[in-house]
Amino acid sequence: MPDRPSLPARHEAQEIDAAALEAARAADRLLAAARALNSERWVRYLAPLPDRLRDDPVTALRASARIGRSAFGPKDSIRDTLPESVTEPFLDAIDRLLRLLLRWELHRHD
């Protein structure tokens, strides 16, 4: 079998881990706001995200972050239901995480 490059454990990718944890905290606040407003749809959508962002390995984080990012669609957006005070910090955290993951993926193949 050919040798595969070993992937770092999540704690070894410290900048990504920190960004994912920040996104998880922002997702917790977003989920709490959805629950407070009795927005069943967004509660269902957001419920798995905080734990995924906290626990996913680096290689799975991109999919989780993209799920979070897709809540901000052009025609159907979480912004239409939840307050800016929780949507914008989450969006900022997810976008930062996605940028870090892209940079990591590009350098991983060097």
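Modeller: What follows is a set of questions about labels, each answered from a value and a cut-off.

Biologist: What kind of model is this, and how many helices and strands are there?

Modeller: The model is predicted. The protein has five helices and zero strands. From the N terminus on, the order is α-α-α-α-α. The C-alpha atoms fill a box of roughly 50 × 25 × 25 Å, taken along the principal axes. Of the 110 residues, 40% are buried.

Biologist: Why is Ser 64 called buried?

Modeller: Buried means under 20% relative accessible area. Ser 64 has 0%, so Ser 64 is buried. Its place is in helix 4.

Biologist: Which residues does Ser 64 touch, not counting those up to four places away in sequence?

Modeller: Ser 64 touches Leu 49, Arg 52, Leu 53 and Asp 56. Touching here means heavy atoms within 4.5 Å.

Biologist: What makes Thr 87 buried?

Modeller: The relative accessibility of Thr 87 is 1%. The cut-off is under 20%, so Thr 87 counts as buried. Thr 87 is placed in helix 5. Not counting residues up to four places away in sequence, Thr 87 touches Leu 30, Phe 72, Ile 78, Arg 79 and Leu 82.

Biologist: Why is Asn 38 called exposed?

Modeller: Exposed means over 50%. Asn 38 is at 63% relative accessibility, so Asn 38 counts as exposed. Asn 38 is found in the loop between helix 1 and helix 2.

Biologist: What phi does Asn 38 take?

Modeller: A positive one, of about 55 degrees, although Asn 38 is not a glycine. This residue comes just after helix 1.

Biologist: How do you know that the side chain of Arg 25 makes a polar contact with the side chain of Glu 22?

Modeller: A polar contact needs a pair of N or O atoms within 3.5 Å, one able to donate a hydrogen and the other to accept it. The contact of the Arg 25 and Glu 22 side chains is at 2.9 Å.

Biologist: How far is the C-alpha atom of Arg 25 from that of Arg 108?

Modeller: The two C-alpha atoms are separated by 27 Å. Along the chain, Arg 25 and Arg 108 are 83 residues apart.

Biologist: What makes Leu 21 partly exposed?

Modeller: Leu 21 has a relative accessible area of 28%. This value falls between 20% and 50%, so Leu 21 is partly exposed. Leu 21 also lies in helix 1. Leaving aside neighbours within four places in sequence, Leu 21 is in contact with Arg 10 and Arg 54.

Biologist: How do you know that the reach of helix 1 is close to what is expected?

Modeller: The expected span is 1.5 Å times one less than the number of residues. Helix 1 has 23 residues, so 33 Å is expected. Helix 1 reaches 33 Å from its first C-alpha to its last.

Biologist: What covers the buried residues of helix 1?

Modeller: The cover includes helix 2, helix 3, helix 4 and helix 5. Among the buried residues of helix 1 are Ile 16, Asp 17, Leu 30 and Leu 31.

Biologist: How does the reach of helix 5 compare with the expected value?

Modeller: Helix 5 has 25 residues and reaches 35 Å, close to the 36 Å expected. Its buried residues include Val 86, Phe 90, Leu 97 and Trp 104. The buried residues of helix 5 pack against helix 1, helix 3 and helix 4.

Biologist: At what angle do helix 4 and helix 5 pack?

Modeller: At about 145 degrees, with their axes 10 Å apart. The crossing is left-handed. By class, this contact has eleven nonpolar, two polar and six charged residues.

Notes. Residues are numbered from 1 along each chain as its sequence is written. This is a predicted model: local features need pLDDT of at least 70, side-chain atom pairs count only at pLDDT 80 or more; totals for chains, interfaces and linings use all residues. Side-chain values use heavy atoms; hydrogens and water are left out. Helices (H or I, at least four residues) and strands (E, at least two) are DSSP runs, numbered from the N terminus. Buried means under 20% relative accessible area, exposed over 50%, partly exposed in between (1.4 Å probe, protein chains only). Axes are lines fitted to C-alpha atoms, for helices over the stretch in contact, and angles run from 0 to 180 degrees between N-to-C directions. A crossing is left-handed if the near helix is turned anticlockwise from the far one by less than a right angle, and right-handed if clockwise. Ala, Val, Leu, Ile, Met, Phe, Trp, Tyr, Cys and Pro count as nonpolar, Asp, Glu, Lys and Arg as charged, and the others, Gly among them, as polar.
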